[in-house]
Amino acid sequence: MVGTAQQNTGMEGVDGGVGVTALLVAAARAIETHRHDTLAQDTYAEHFVRAAPASASWPVRLQQAPDGDANPLWGRFARYFGLRTRVLDDFLLRSVHAGARQVVLLGAGLDTRAFRLDWPPDRVVFEVDREGVLAFKHQVLDGLSATPKAARVPVPADLRADWVAALTGAGFDPAAPSVWLAEGLLFYLPNAVETQLIDTVDQLSAPGSALAYEVKLEKDLMVHRDSTLYTATRQQIGIDLLDLFVGEPRPDSAGRLAGKGWSTSVRTPFDFTREHGRGPLPEQNDALAGNRWVFANKP
């Protein structure tokens, strides 16, 4: 993910700043994998958690977490990531079955969709992230002899720099329909960088392309600063998410895409909790209240 992860070739690449949030999501996916009512399966996730010094002692099963499901971090927040994983998995697979030939994971982090999802033949998955994160990911997956289920192309690049040249140099074809994913990314980007990223995705997207991403209403950041979710994350694993989020006013990226001819849908996570019959529901002083998942298609 974009952030303060160092440009190196070892585990340190995910041991600092936003890189640690990639480990948090991996731990959540590991916990989700072992739930009896699992929404998503990621058998690789716990291996990332155990391989990085920053997270080696974190739970990877709900039974290992203090208070289990009642734990705000490893219960409710982890379930949120499990739900998000399922919803975005479904979106990507629908998009490729509808004709998208390329999958681009922006700020791919420790995502293993190239390995765990059943892709149609001849699809390519591009994973764009900083060099240190990708190197750590390769180290762990190589140790497991993991085999991707689609052509997988890692693209070492910083999304705040010229990532387009790196992506096209790796074989991305702007003339082919693509599905793009920015999962858990835009929170950490300045307003201008988000706008530029959305414009660039539009420019690189052929008709029939799709995009999904997550945003957070900026008014939500200060209103819910003392949420049990943020407090538990600070106290239990030493990550202050609010310090990592960019607090400046956010652009209306969904409106910007609509103005460029994309059809857009903005949903809350709670919509999908009700749809799947499990996941987080609204609560008082809720840090998830301002989260929105945006889905867009280019005719």
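This is a predicted model: local features need pLDDT of at least 70, side-chain atom pairs count only at pLDDT 80 or more; totals for chains, interfaces and linings use all residues.
Trainee: Which strands does β4 pair with, and in which sense, parallel or antiparallel?

Mentor: On one hand, strand β1 (residues 102–106) runs parallel to β4 and is joined to it by four bridges, with V104 having W180 as its bridge partner in β4. On the other hand, β4 pairs with strand β5 (residues 210–216), again in the parallel sense and over four bridges. Within that pairing, the bridge partner of V179 in β5 is A210, and that of A182 is Y213.

Trainee: What kind of unit do β4, helix α7 (residues 191–204) and β5 make?

Mentor: Together, β4, α7 and β5 make a β-α-β unit that is right-handed.

Trainee: How many residues of β5 are buried, and what can be concluded from that?

Mentor: The count is seven of the seven residues, so β5 is largely enclosed by the rest of the structure. Both of its faces are covered, with A210, A212, E214 and K216 buried on one side and L211, Y213 and V215 buried on the other.

Trainee: Which strand runs antiparallel to β5, and how many bridges join the two?

Mentor: That strand is β7, which is joined to β5 by seven bridges; in this pairing, E214 stands opposite W293 of β7.

Trainee: Which parts of the chain does the salt bridge between E283 and R76 tie together?

Mentor: The side chains of E283 and R76 meet at 3.5 Å, N to O. Because E283 lies in the loop between α12 (269–276) and β7 (291–297) whereas R76 lies in helix α3 (residues 72–97), the pair ties together parts that are 207 residues apart in sequence.

Trainee: Where do K149 and D118 lie in the chain, and are they buried or exposed?

Mentor: Their side chains meet in a salt bridge of 3.2 Å, N to O. The pair links distant parts of the chain, with K149 in the loop between α5 (131–143) and β3 (151–156) and D118 in the loop between α4 (113–116) and β2 (124–129), 31 residues apart. At 43% relative accessibility K149 counts as partly exposed, while D118, with a relative accessible area of 56%, is exposed.

Trainee: How should I read the salt bridge between D158 and R130, and are these residues buried or exposed?

Mentor: Here the side chains meet at 3.5 Å, N to O. D158 sits in the loop between β3 and α6 (163–169) and R130 in the loop between β2 and α5, so that distant parts of the chain, 28 residues apart, are linked. Both ends are buried, D158 having a relative accessible area of 15% and R130 one of 10%.

Trainee: Stepping back to the whole chain, what does the radius of gyration say?

Mentor: For 299 residues a compact globule would have a radius of gyration near 19 Å, and the chain has 18 Å, which agrees. The C-alpha trace spans about 50 × 45 × 35 Å along its principal axes, and the secondary structure comes to 12 helices and seven strands.

Trainee: What share of the chain is buried, and what share of the contacts join residues at least 24 apart?

Mentor: Buried residues make up 59% of the 299. Among contacts between residues at least 6 apart in sequence, 75% join residues at least 24 apart. The accessible surface comes to about 11,500 Å², of which 51% belongs to carbon and sulfur atoms.

Key:
Residues are numbered from 1 along each chain as its sequence is written. Side-chain values use heavy atoms; hydrogens and water are left out. Two strands pair if DSSP finds at least two bridges between them. A crossover is right-handed if, with the strands pointing away from the viewer, the path from the first strand over the helix to the second runs clockwise. The radius of gyration is taken over C-alpha atoms; the globule rule is 2.2 Å times the number of residues to the power 0.38. Buried means under 20% relative accessible area, exposed over 50%, partly exposed in between (1.4 Å probe, protein chains only). Contact means heavy atoms within 4.5 Å. Accessible areas come from the Shrake-Rupley method with a 1.4 Å probe; for residues, only the protein chains shown count as cover. A salt bridge is a side-chain nitrogen of Lys or Arg within 4 Å of a carboxyl oxygen of Asp or Glu.
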